[in-house]
Amino acid sequence: MKRAIFTTALLVAACNQDQTGTQPQPPITSDAAVPILTTPPRTVMHRNPFGDVLQHDNLMIDGDFEITGRSDQAPWVAFNTTAGQTTLNYDTGGHCRSGVRCGVIGVGDALIGYLATPLLGNFEVRLYIRPEGDHCADATVLVFDTSTQQTGDTIAAVEPAPRADGWCYFEGVGKNLAYGQPALYVELSKGSKSAFVRIDEASVLPVTEAPAHQLKLLTTAPVDQLARADVAAKWMREHRKLGNSTPRSIP
């Protein structure tokens, strides 16, 4: 009896296998509905936490905001004409152009970033600014000497509107400021349509190393902007913690 039951079970299993293997497959159709494309929930990107380190000869102290603190003495200083030095605000991640941080300033604020200049010859400045609106003219940039009241040079946007990634590319030439304390001065323009702008990936190169097709003529900054930059420079000189302007004798 047990042998008969076992034989019957084998026959049933074999029949099931044969039926499964001979079942017809669903027909292949060419008019199947195409899935609707949707926006991905997130975008993955690779970022160097130290910013654009490929430009090893960059004379900007911290062009990517990766080593600058929010206050105190730093390569970048946020300034307000009524409050003096203020806390530097940052944005992070995909909102920035390179690295993991970028500077942010609003209406009434200015951003001052220190740089070095070659011993001889002029230098070219490049930086990216992302306005809240669609106008690169919402931000103005100049390079000047914070230790004196020399005339500053304007760094202008190359195009009137942001590029496809939303960033405006600024480029210009500054006169030689060797033995001085040169810096960039960035602020929102008068009548700006943006409430804030992001700043990132600033670089400074000797003119002799810059591509010839990118060289710009020196352009003097507007008088009113120079006056505001002088106010910031004067405040910074008076509140500088390092150094001593009064000579002292050595015993």
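This is a predicted model: local features need pLDDT of at least 70, side-chain atom pairs count only at pLDDT 80 or more; totals for chains, interfaces and linings use all residues.
A salt bridge is a side-chain nitrogen of Lys or Arg within 4 Å of a carboxyl oxygen of Asp or Glu.

Stop 1: Select E187 and R228, whose side chains meet in a salt bridge at 2.5 Å, N to O. E187 lies in strand β10 and R228 in helix α2 (residues 223–238), so the pair ties together parts that are 41 residues apart in sequence. E187 is buried, at 6% relative accessibility, whereas R228 is partly exposed at 29%. D224 is partly exposed, with a relative accessible area of 42%.

**Stop 2: R97 and D165.** A search of the whole structure finds nine salt bridges. One of them joins D165 to R97, with 3.7 Å between the closest N and O atoms. D165 sits in the loop between β8 (153–157) and β9 (168–174), and R97 in the loop between β3 (89–92) and β4 (101–106), so this pair connects parts 68 residues apart in sequence.

**Stop 3: R198.** Move to R198 in strand β11 (residues 196–206). R198 counts as buried, at 12% relative accessibility. A polar contact of 2.8 Å joins its side chain to that of D91. Other residues that R198 touches include H95, Y128 and W167.

**Stop 4: the aromatic rings.** The structure holds five aromatic pairs. Select F65 and W76: the ring centres are 4.5 Å apart and the planes at 15 degrees, so the pair is stacked. F65 is in the loop between α1 (2–22) and β1 (76–80), while W76 is in strand β1, 11 residues apart. Both F65 and W76 are buried. With Y90 these two form one aromatic cluster, and R101 lies over the face of Y90, at 4.1 Å from the ring centre.

**Stop 5: F144 and Y185.** Finish with F144 and Y185, an edge-to-face pair at 6.0 Å centre to centre, with 90 degrees between the planes. F144 is in strand β7 (residues 139–145) and Y185 in strand β10 (residues 182–188), 41 residues apart. F144 is buried, with a relative accessible area of 2%, and Y185 is buried at 1%.

Note on methods. Residues are numbered from 1 along each chain as its sequence is written. Side-chain values use heavy atoms; hydrogens and water are left out. Rings of Phe, Tyr and Trp (its six-membered ring) pair if their centres lie within 6.5 Å; planes under 30 degrees apart count as stacked, over 60 as edge-to-face and the rest as tilted. Helices (H or I, at least four residues) and strands (E, at least two) are DSSP runs, numbered from the N terminus. Buried means under 20% relative accessible area, exposed over 50%, partly exposed in between (1.4 Å probe, protein chains only). A charge sits over a ring if NZ of Lys or CZ of Arg is within 6 Å of the ring centre and within 35 degrees of the ring normal. A polar contact is a pair of N or O atoms within 3.5 Å; within protein, one must be able to donate a hydrogen and the other to accept it, and residues adjacent in sequence count only if both atoms are side-chain atoms. Contact means heavy atoms within 4.5 Å. Lists of a residue's contacts leave out its neighbours within four places in sequence.
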